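Subject: Structure handover

Dear colleague,

I am passing on to you the structure that we spoke about, and I would be glad if you could look it over when you have the time. The sequence and the coordinates come first, and my notes come after them.

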Amino acid sequence: MTYTDDDLRSLLRERSERGPTRGPDVTEIRRQGALLRAYRWVMGTVGMVVAGAAVLLLWPDAATGPRTTQVAAAPARSVDPVLGDLPYLDERGAMDAVSMGSSAIGEDLAATGERVRVRVVCEEPRSWVVASGKGEGSVGRCGDGVWTTVIGGAPGKVRVWVFPPDAAITEADPRSCAVYHAEAGTCDGRYRATDLLRYDIALDLAADLGVKPGSWRAGVYGDA
Amino acid sequence: MDDGFADYVTQRHARLCRTAYLLTGDWATAEDLVQSALARAWAAWRRIDGDPDPYVYRILTNTHASWWRRRWRGEIPTEDLPEPAEDDFTDEHDARRALWTAIRGLSERQRAVVVLHYFEELTVQQCAGVLGCSPGTVKTQLGRALRRLRVDPEVLMVMER
C-alpha cells in the first residue's frame, strides 16, 4: 500500500490535535533564559581569563605589551591625514608592517621563522583583531589600543584583520550557543571569534560590515 | 525589555508544542522541549530581527537533535518496513496507524524534515534555513523519508523536480 502526501498531512494534523495540557509559563521561561544568559556570560569571562593566562605563560612579555610598544621611540612625523595621531609601531626590526585607514580589510604580512610576534595598534580601543597564519592564529581585542600575539608553526605569512569594536562577534563556546552554525561560524547570529581564523568566515564578516573608517597599524616581528 | 516575547509565546506556544510532539512522540517531552527552546530564544531575543519563527524552529530542532542523541537507547530505525499481508490495511484506521509507526521509525533528521515540510508547510528552502543545511540535503532527506513511508512515488517525482 502507498500513501499520498495528503495522507501524511492529515495524519500529522490529526496526531498532534490534542495540543499541550498546560499553558505557557512565561515567567519560568524568562527565568530559564536569564540563567542561560548568565551562564554564557560566566563562560565567556572564564574563557577570556584562561586565554589571557595562556598567552602570559607562552610569552611573559605580553603583559607589558603596551609599555614596550616604544611609541616614544617613533620617528618625528607630521599628522597623517588618514591615520591621524595613531601611534607608530616600533618598526625597527619588523619583518613587515602595514598602516591602514579602514577596518575590515585582511592584510597579508610576510613572516619568516618558526614563531613570530604580531603587534597591532588600533585607533579605536577594543577593536577586534584577527591574526592567522597556516592554521594557527588568535583573535582578541585591541585592549588599550594595542594587541599582541604569537603565532607558531612557521607561518610564512600572517593575515591581519581589524574589525570595529561593535562588530557582531562573540567569544561564546559553541556548546553554550542556542544555534551554532559550524559552517557559517556563527553562534546565535553572531560570528564566533575563533571561527574568524577561517578566511571565508572573516571575509563574510567583512562583507557584512563593509569597509569602515578605523585606522590601525600592524607589524610582524621575529624572536618570539 | 521583552519586545513582544510574552505575546509571541502566548500566540505560538500551542503550535510549537504540536510540532515538538510530532518530533518527540511524547507530549510531556514536547512541552519540556518547547519551554527549553523558548528560554534559549528569550536569551537571544533582542538580537532577533523580524519574524522570530525561523529562529525559534531552528532552536527547537537543534535542541531536539541534541536531546535525541543524549537519550538514544541504541534503537536503529529500520530501513524497510515489514511488508504487510495482502489484506492488511483495508481498514483506514490500521493504515494510518501503520503510517504513524513508520514516521516514528524515521531518523531524527528525516522526521524533522517531514514535520517541517508537511506539518509546518515550510518550503524546501525554508526547511534548509531552519535546519542549517542546503536545500539539496533537505530534498535528499525528504526523498529517503518518503520512500520509507511508502508515499506514492508520484509525490516523490514531483518533489524531486
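This is a predicted model: local features need pLDDT of at least 70, side-chain atom pairs count only at pLDDT 80 or more; totals for chains, interfaces and linings use all residues.

I begin with helix α5 of chain B, which runs over residues 108-119. The buried residues are B:Q110, B:R111, B:A112, B:V113, B:V114, B:V115, B:L116, B:H117, B:Y118 and B:F119. Just after α5(B), B:E121 adopts a positive phi of about 60 degrees.

What makes B:V113 count as buried? There are 29 other C-beta atoms within 10 Å of B:V113, and the cut-off for a buried residue is 20 or more. If neighbours within four places in sequence are left aside, B:V113 is in contact with B:C127, B:V138, B:Q141, B:L142 and B:A145. The C-alpha atoms of B:V113 and B:L131 are separated by 8.3 Å, although the two residues lie 18 residues apart along the chain.

Turning to chain A, there is an open sheet of four strands, in the order β2-β7-β4-β5, and the pairing is antiparallel. The edge strands are β2 (107-110) and β5 (136-141) of chain A, each of which pairs on one side only, and the twist from one strand to the next averages 20 degrees. Strand β7 of chain A, residues 157-163, pairs with β2(A) in the antiparallel sense over four bridges, and A:L109 has A:V158 in β7(A) as its bridge partner.

Lastly, there is the contact between the chains, to which chain A gives 30 residues and chain B gives 37 residues. On the side of chain A that touches chain B, the helices α1 (5-15) and α2 (26-58) of chain A each supply at least two residues. How do the residues on that side of chain A divide into nonpolar, polar and charged? They comprise 12 nonpolar, 10 polar and eight charged residues.

Note on methods: Residues are numbered from 1 along each chain as its sequence is written. Chains are lettered from A and ligands numbered from 1 in the order in which they are written. The expected span of a helix is 1.5 Å times one less than its number of residues. A residue is buried if 20 or more other C-beta atoms lie within 10 Å of its own, exposed if 12 or fewer, and partly exposed in between; C-beta atoms are placed from the backbone. Two strands pair if DSSP finds at least two bridges between them. Axes are lines fitted to C-alpha atoms, for helices over the stretch in contact, and angles run from 0 to 180 degrees between N-to-C directions. Two residues are in contact if their C-beta atoms, placed from the backbone, lie within 7 Å. Ala, Val, Leu, Ile, Met, Phe, Trp, Tyr, Cys and Pro count as nonpolar, Asp, Glu, Lys and Arg as charged, and the others, Gly among them, as polar.
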